[in-house]
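Colleague: I am new to this one. Please show me how to read it.
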Amino acid sequence: MSSTTPLLDVSGLTKHFPIKGGFPIRRTVGHVQAVDGLDFQVGEGESLGLVGESGCGKSTTGRLITRLLEPTAGKISYQGKDITHANRKQLAPVRSEIQMIFQDPYASLNPRQTVGKIISGPMEINNLNPAGGREKRVRELLEIVGLNPEHYNRFPHEFSGGQRQRIGVARALALEPKLIVADEPVSALDVSIQAQVVNLLQKVQQELGIAFVFIAHDLAVVRHFSQRVAVMYLGKIVEIADREDLYGNPRHPYTRALLSAVPEATVDDTPRERIRLQGDVPSPINPPSGCRFRTRCWKATEKCATEAPPLVQVEGNKPGHLTACHYPETDEATPAPRLSKDPQTAA
Amino acid sequence: MLRFLVRRLLGAVITLLIISAVTFMLFYAVPRDPARIACGKLCTPETLELIRHNMGISDPMPVQFWHWLSGIFLGREYPGFGNCDAPCLGYSFVNREPVLATILDRFPTTFSLFLGSSVVFLVFGIGTGMLAALKQGKPTDKIASSASLVASSMQIYFVGTLALYVFVYQLQILDQPGYTPFSENPGAWFSGLLLPWLILALIFTANYTRMTRSQMVEQLQEDYVRTARAKGLSRPNVFFRFAWRGAMGPIVTIFGVDVGVLLGGGMITEKTFSIQGIGMLSLKSVVNNDLPMLLGVMVVTATFVVLANIVVDACYALIDPRIRLA
Amino acid sequence: MTSTDQQPFLSIKDLKVHFSTEDGIVKAVDGLSFDLVRGKTLGIVGESGSGKSVTNLTILGLHNPDSTKVEGSIVLDGQELNGASERTLEKLRGNKMAMIFQDALTSLSPYHTIGKQIGETYRKHTGCSKQAARERAIEMLKRVGIPQPEVRVDDYPHQFSGGMRQRAMIAMALVCDPELLIADEPTTALDVTVQAQIMDLLKDLQQEFGTSIIFITHDLGVIADIADDVLVMYGGRCVERGTKKEVLRDPQHPYTWGLLSSMPSLDHPVDVPLNPIPGSPPSLLNPPSGCRFHPRCTFAEKVEGGLCSAERPLLEIVDGRGSACHLSADQRAEFFTDLAGSAAN
């Protein structure tokens, strides 16, 4: 990845939301440190997963990348072009190449527009006239996402949740984007429908070569969909690695705890040992000093309170596997969650 | 809470300042000679000149506004007419009296009208609305809902005149409407205002019924109401302590707006029943082109609306602990 | 059904819950039977519209009596609840049977303090003093692991974090030592690390109090963690019943099998696409004939004579195990290929 320019290059990305208060004149009295100094790259056609619990800043990150929000600090480059503070006009060509898929398939489609209008909307705005006309293109897109092209004139309420999410995908594809930011695209769907949408997104990624930033809290879904995964905690990336390394050899205590907390639909004869974190995620208004995870970490020491661990390739990590921890996990006594690549071992 | 009040009162002062400045500009921008109008029919050139001088018409408008504004705090003198002590909202050359004195004279009337009708429409409106919500979908609900729909489409001048004709002139079971100060004769105060109260309340009752019903129906579907039932609390307990608590907020808000409107004087109500309140005063000022008086009424009314809004917000915080006033 | 001498603590027989709406009658629950043994946890799995939540609201009698028709019997500890008076039910709710809801933020009253909400349940059922109720509330908050309970007791729900709110809700449900606890998706709105805490808490409290729990969820992973027995619901009916081990390791119904094989797990081979169930959950206004799963079932055409669309498959339970499917045992063995995730052990 270092040889060529990545599709998306994010460095030091920071977003602080001001808190208003004070007396008698309202002023900024503090900041919600939603995102605090993120560095990551997304290559062409690659899928990067962003996982973390609520309040970790993953959705804010998605909104910063699509520039629905303006960063407080840091830099976002798209295809080598700095878009950090680009204005509306400068963003226009980029916006058509970076699309978004939202969590709620009920709230994110205009109920008064037909499916055809919803999907062709982005083309109209960008004055795009595909060969054969927009309607033909919409019908093609409907076909791609597994909907009947005859449904062109129907309204969103005539579709189920899973079908609506397909409409959302078709809309995102309308401008032939290079990057799609998907913010929890399956978490509002029924279990039996989630797999349908995950498979669709995977097909889109593989066949159309679209890069994804896949934001989710479900570690199993992210593992299935993303080649590279970043784990976020309180606005910072605590660990980022290729899928195999992150799930097979998690080094950050938080990653381990998160993985061990995932409920799995398996009945083990010997129950697997679990790491139980105490308490809740602290407030991002006043995050802990040093390592932000230290208040819930069982390994925390003085050093963790005074010194923020850098996100680096700690000893024992493969290249590209970065961990922000002073005391990375190596201990094999804590059984790491398994990762079997070979279906044959399933006996 | 104190911080909230101080901040809001500061805001209120600014709001009122803007309102009066705009009103002042609008009134004095009319291409007529306000002094000529104020002078009336029996106008001698001397009087006209005196009024001109007192109005300060030759001054630029900002200066005129400044005189008016400083009069509120310092009082003003109107040579040839009399003194207007602080707080002075101007001098009505038509009435030959300070504006505020007239407004204060009329205020008890309007306040009595407001007080009586509010009691009636709050009790009946909220009561009927709750009953309808409790019996949702049943005949009681349907009757209450349709009745309130009919009532809310009524007009005061129509129902009022009809009621006057039937109850006062034909059946003679109600007294001729009129205002007697409470301190003079409470009985006459009550009987003279009863019909205006009921008629004014009729229309408001309908609105409060519909609003209470819809709020209660919404609240009854809230998760926490279900939880309260799941805890074994009785239906009435859940209805009043949980659902009503949630429904109160929006009703208080609307009432706050209505307080401002009602204290500003129900022009049509007062006209229909020939009651001399603030409403009639502003009507008369418009007819007589009494600009100082109109300006005074406007400012007083605006003050009520702004103050009522502050009270509403404070009440909101008492009802709902999630709202913090700072 | 259970041939043991011990009477089931909760026994539901042929429960039907039908709502009348403007569009017609919604058959939310359509002939559901199950038993619950004292001190055990029954996991009810189903998607939205499967009737799992409706069933449990009906047990507590919290349905709207004007638009809902309830048939069948609900017997709790020898007492019939269907058709019982409101007064009888009020005495049982929060006392002998209690419920925890999914979203603790909306399910707790924003207008009353946590302590008051916990205490009033206790007062209602024991008639104790306000002071005693407050002390009990503090004790319960301590029990569910809220730090500084004597201070937090006077907080409002919005001052609590998501996990703490759910703990407070559990404290509220358990304040009268209920014998039956119904938990309706209690961890769905929570983060995984907090979800794990809450499930541990529920397990601990169950050990301590011996409560029977009905745990409703859409997440088979949560079921694997907490349940003893599992009941799978689809379209208002039970399609499969068994112990957790039986259902998750050796599913008998194509729907259960489909759910298990469509879920990505942490050891699902990454290069194999997921195996989704086609189609969408059925409309309960106009449910499919015969087996309600047949329009989405991959194996329906393998059953001869179009039986799946013509006839409702019967649920036969032997020793607490059974499923409602027309497929024969041999066919199942043939069609249900190994589950990639669960078989790794």
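Predicted model: local features only at pLDDT ≥ 70, side-chain atom pairs only at ≥ 80, totals over all residues.

Colleague: Into which domains is chain B divided?

Modeller: Domain bounds come from an automatic or database domain assignment. Chain B has domain 1 (32-88) and domain 2 (103-286). Their centres, taken over C-alpha atoms, are 41 Å apart.

Colleague: What span does helix 13 of chain B reach?

Modeller: Helices are DSSP runs (H or I, at least four residues), numbered from the N terminus. The expected span is 1.5 Å times one less than the number of residues. Helix 13 of chain B (residues 291-319) has 29 residues and reaches 42 Å from first C-alpha to last, close to the expected 42 Å. Its buried residues (20 or more other C-beta atoms within 10 Å of their own) include B:Leu291, B:Met293 and B:Thr301.

Colleague: How many residues does chain C give to its contact with chain B?

Modeller: Residues are in contact if their C-beta atoms, placed from the backbone, lie within 7 Å. Chain C gives 22 residues and chain B gives 19. On the chain C side, helix 4 of chain C has the largest share, three residues.

Colleague: And how many join chain C to chain A?

Modeller: That contact takes 51 residues from chain C and 46 from chain A. Helix 8 of chain C supplies the largest share of the chain C side, seven residues.

Note on methods. Residues numbered from 1 in each chain as written. Chains lettered and ligands numbered in written order. Helix = DSSP H or I, 4+ residues; strand = E, 2+ residues; numbered from the N terminus. Buried ≥ 20, exposed ≤ 12 C-beta atoms within 10 Å, placed from the backbone. Contact = placed C-beta atoms within 7 Å.
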